[in-house]
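Below is a walk through selected local features of one protein model. Please keep the coordinates open while reading.

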Amino acid sequence: MPATQPSGKSNNSPLLVLNKISAILDSFSLARPELGLADIRTATGMPTSTVQRLVRNLTDQGFLEREGDTYRIGLKLAYWAAPATKGIEVLDLIRPLLKELRDATGETACFFKAEQNYRVCVGIAETNHALRREMHLGKILPLHAGSAGRVLLAWEPELLDRVVAGPLEPITDYTITTAESLKTAVQRTRTDGFAVTTGEREDGASGLSAPVFDSAAELVGSVTISGPTLRMPLAVCEGWVEILLQTAEKMTRLIGGRYPGEAGT
């Protein structure tokens, strides 16, 4: 009689190996572009022997590059990634990530770009809640009020200078209306890497935003989560900072971008 075939997948099945390779590559991020074997083992939860074997193979194939005791994503992957995004508009690339962010939080996810001395909503995945902030593609908003404006000003010094040179009109009781206060808030945003605001542009509304950068480490725009303060009090906003930053990093990586201060900038 022929030998009975096992019903389950073996530990060396191609799919399982690919899952492990994917987990290793996912360990790297723009915040942590270089990792040691111990770091990769901690991030993946895989045995040391498995990590050593797969990392060695990935390095041999050019998917990873080794420098001393650390590894980073190899240029071979960047070479392959280029055709994937060629000819695709930035907004087409990030739109699925806006939907993921909306689904993860339940609130509206937007992407804003600076135009002249204003910010414009150029991408949106709307919440399914009946109670929502009014937002639509092409909506033009002031830069001095709200978390998205704070982010756009934080990495565009010339734009900040232009904005504070003009009047900072009060929109709500919490709108920043003095140049010094706005500069202080913008500096904090640049230091923190994100902004959280409540009631600055609209009473009873909250928002949190983070920057997205291109290959020259220049600001592309701001990814934002927004909604009623009733559902988004400060504690909730603070709890969503990590997923916001993760989304901003995914967007930056997807368009081939990098953060200011990284090698090559």
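Helices and strands are DSSP runs numbered from the N terminus, a helix having at least four residues and a strand at least two. The model is a predicted one.

By that numbering, Gln 116 falls in the loop between strand 4 (108–115) and strand 5 (118–125). Its backbone has a positive phi of about 55°, although Gln 116 is not a glycine. Most residues other than glycine have a negative phi. Ala 217 is another non-glycine residue with a positive phi, here about 60°. Ala 217 sits in the loop between strand 8 and strand 9 (219–228). Are these two residues buried or exposed? Gln 116 has a relative accessible area of 67% and is exposed, because the cut-off for that class is over 50%. Ala 217 has a relative accessibility of 13% and is therefore buried, the limit being under 20%.

A charge-over-ring arrangement involves Phe 112 and Arg 119. The charged end of Arg 119 is placed over the ring of Phe 112, at 4.8 Å from the ring centre.

The next topic is the aromatic pairs, of which the count is two. In one of them, the ring centres of Trp 155 and Phe 213 are 5.7 Å apart and the planes stand at 80°, so this pair is edge-to-face. Trp 155 belongs to the loop between helix 6 (147–154) and helix 7 (157–165), while Phe 213 belongs to strand 8 (residues 205–213), so the pair ties together parts that are 58 residues apart in sequence. Both partners are buried: Trp 155 has a relative accessible area of 14%, and Phe 213 has a relative accessibility of 2%.

Phe 213 also pairs with Tyr 259; their ring centres are 5.4 Å apart and the planes are at 75°, so this pair too is edge-to-face. Since Phe 213 is in strand 8 and Tyr 259 is in the segment after helix 10 (241–254), the pair ties together parts that are 46 residues apart in sequence. Through these ring pairs, Trp 155, Phe 213 and Tyr 259 are linked into a cluster.

Trp 155 has a further contact, with Gly 193. Gly 193 is located in the loop between helix 8 (179–192) and strand 7 (195–198), and it is buried, with a relative accessible area of 16%. Leaving aside residues up to four places away in sequence, Gly 193 touches Trp 155, Ala 210, Pro 211 and Leu 245. From Gly 193 to Pro 211 the C-alpha to C-alpha distance is 7.4 Å, and the two are 18 residues apart in sequence.

The axes of helix 2 (residues 37–44) and helix 3 (residues 48–60) come within 10 Å and cross at roughly 115°, and the crossing is right-handed. Which residues of helix 2 and helix 3 make the contact? Helix 2 contributes Leu 37, Ile 40, Arg 41 and Thr 44, and helix 3 contributes Thr 48, Val 51, Gln 52 and Val 55. By class, the residues in this contact of helix 2 with helix 3 are four nonpolar, three polar and one charged.

Note on methods: Residues are numbered from 1 along each chain as its sequence is written. This is a predicted model: local features need pLDDT of at least 70, side-chain atom pairs count only at pLDDT 80 or more; totals for chains, interfaces and linings use all residues. Side-chain values use heavy atoms; hydrogens and water are left out. Rings of Phe, Tyr and Trp (its six-membered ring) pair if their centres lie within 6.5 Å; planes under 30 degrees apart count as stacked, over 60 as edge-to-face and the rest as tilted. Buried means under 20% relative accessible area, exposed over 50%, partly exposed in between (1.4 Å probe, protein chains only). A charge sits over a ring if NZ of Lys or CZ of Arg is within 6 Å of the ring centre and within 35 degrees of the ring normal. Axes are lines fitted to C-alpha atoms, for helices over the stretch in contact, and angles run from 0 to 180 degrees between N-to-C directions. A crossing is left-handed if the near helix is turned anticlockwise from the far one by less than a right angle, and right-handed if clockwise. Contact means heavy atoms within 4.5 Å. Ala, Val, Leu, Ile, Met, Phe, Trp, Tyr, Cys and Pro count as nonpolar, Asp, Glu, Lys and Arg as charged, and the others, Gly among them, as polar.
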